[in-house]
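Have the sequence and the 3D view open while you read. The paragraphs below go through selected parts of the chain in order.

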Amino acid sequence: MRLIGRATAACLLLFALAYGLVATAIDYAFASDPLGPRVFPLGLAAMLALLSVWYFFSPGPAEGYPSGRLLLRVLGIPLVMLAAVALFEPAGFLVSTFVLTFGTALIFGAPPFKALLGAVGQAVLWWFVFSYVLEVYLPAGALFGH
């Protein structure tokens, strides 16, 4: 079982390195902010790298790989996230957020009607917060003419 922990730590370290590499490519004007937008993602990458190295050398007990329905749930979350990201530009923020929250609720066992209500509520709530409270532009989506 320690091998599972070390394999996970190695994957997390690779992810941290890739994330840090992408973060270094963020351009910014020095005059606007001396730290710039790179600091936060680089800090996250460094923290994840340090923790993954620590976990690699002292993994502790780990559970086995999931199988059956649990494996479907574990794989379902990244698939729902990828679907939401793929829909963001063509379908817009509301549809993308709806798909993400509805799919996640179903994966975690919510009844379909409650998942539907929750997803609509979350999509509208976060659209309102970003659009009106934070005044962030959110795309309506190419499918809707924006």
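What follows is a walk through helices, a loop and a surface patch.

The model is predicted: local features need pLDDT of at least 70, side-chain atom pairs count only at pLDDT 80 or more, and totals for chains, interfaces and linings use all residues. Residues are numbered from 1 along each chain as its sequence is written, and side-chain values use heavy atoms, with hydrogens and water left out.

Begin with helix H1, which covers residues 2-24 and holds Ala-23. Helices here are DSSP runs of H or I with at least four residues, strands are runs of E with at least two, and both are numbered from the N terminus. Ala-23 counts as buried because its relative accessibility is 3%. Buried means under 20% relative accessible area, exposed means over 50%, and partly exposed lies in between, with a 1.4 Å probe and protein chains only. Not counting residues up to four places away in sequence, Ala-23 touches Arg-38, Pro-41 and Leu-42; contact means heavy atoms within 4.5 Å. Phe-102 is 79 residues from Ala-23 in sequence, and their C-alpha atoms are 30 Å apart in space.

Ala-18 also has its place in helix H1. With a relative accessible area of 39%, Ala-18 is partly exposed.

Helix H2 spans residues 39-57 and includes Ser-52. Is Ser-52 buried or exposed? Ser-52 is buried, because its relative accessibility is 2%. A polar atom of the Ser-52 side chain lies 2.9 Å from the backbone oxygen of Ala-49. A polar contact is a pair of N or O atoms within 3.5 Å; within protein, one must be able to donate a hydrogen and the other to accept it, and residues adjacent in sequence count only if both atoms are side-chain atoms. Leaving aside neighbours within four places in sequence, Ser-52 is in contact with Ala-9, Leu-12 and Leu-13.

The loop between H2 and H3 contains Pro-61. Pro-61 has a relative accessible area of 85%, so it is exposed.

Thr-97 counts as buried because its relative accessibility is 12%. Its side chain reaches the backbone oxygen of Phe-93 at 2.8 Å. Apart from neighbours within four places in sequence, Thr-97 is in contact with Gln-122 and Ala-123.

An unreviewed UniProt entry lists residues 39-58, 70-88, 94-113 and 125-144 under "transmembrane region". UniProt positions are given in the numbering used here, feature names are shortened, and annotations may be inferred rather than shown by experiment. In the model, residues 39-58 are 95% helix and 0% strand, with end C-alpha atoms 28 Å apart. Residues 94-113 are 80% helix and 0% strand, with end C-alpha atoms 18 Å apart.

Last comes the surface. A nonpolar patch of about 1,100 Å² is made by residues including Leu-94, Phe-113, Leu-117, Trp-127 and Val-136. Patches are made of residues with over 30% relative accessible area and no salt bridge; like charges are joined within 9 Å, and nonpolar side chains (Val, Leu, Ile, Met, Phe, Trp, Tyr) within 5 Å. A salt bridge is a side-chain nitrogen of Lys or Arg within 4 Å of a carboxyl oxygen of Asp or Glu. Accessible areas come from the Shrake-Rupley method with a 1.4 Å probe, and for residues, only the protein chains shown count as cover. Helix H4, residues 112-133, gives the most to this patch, with 9 residues. Leu-117 has its place in helix H4.
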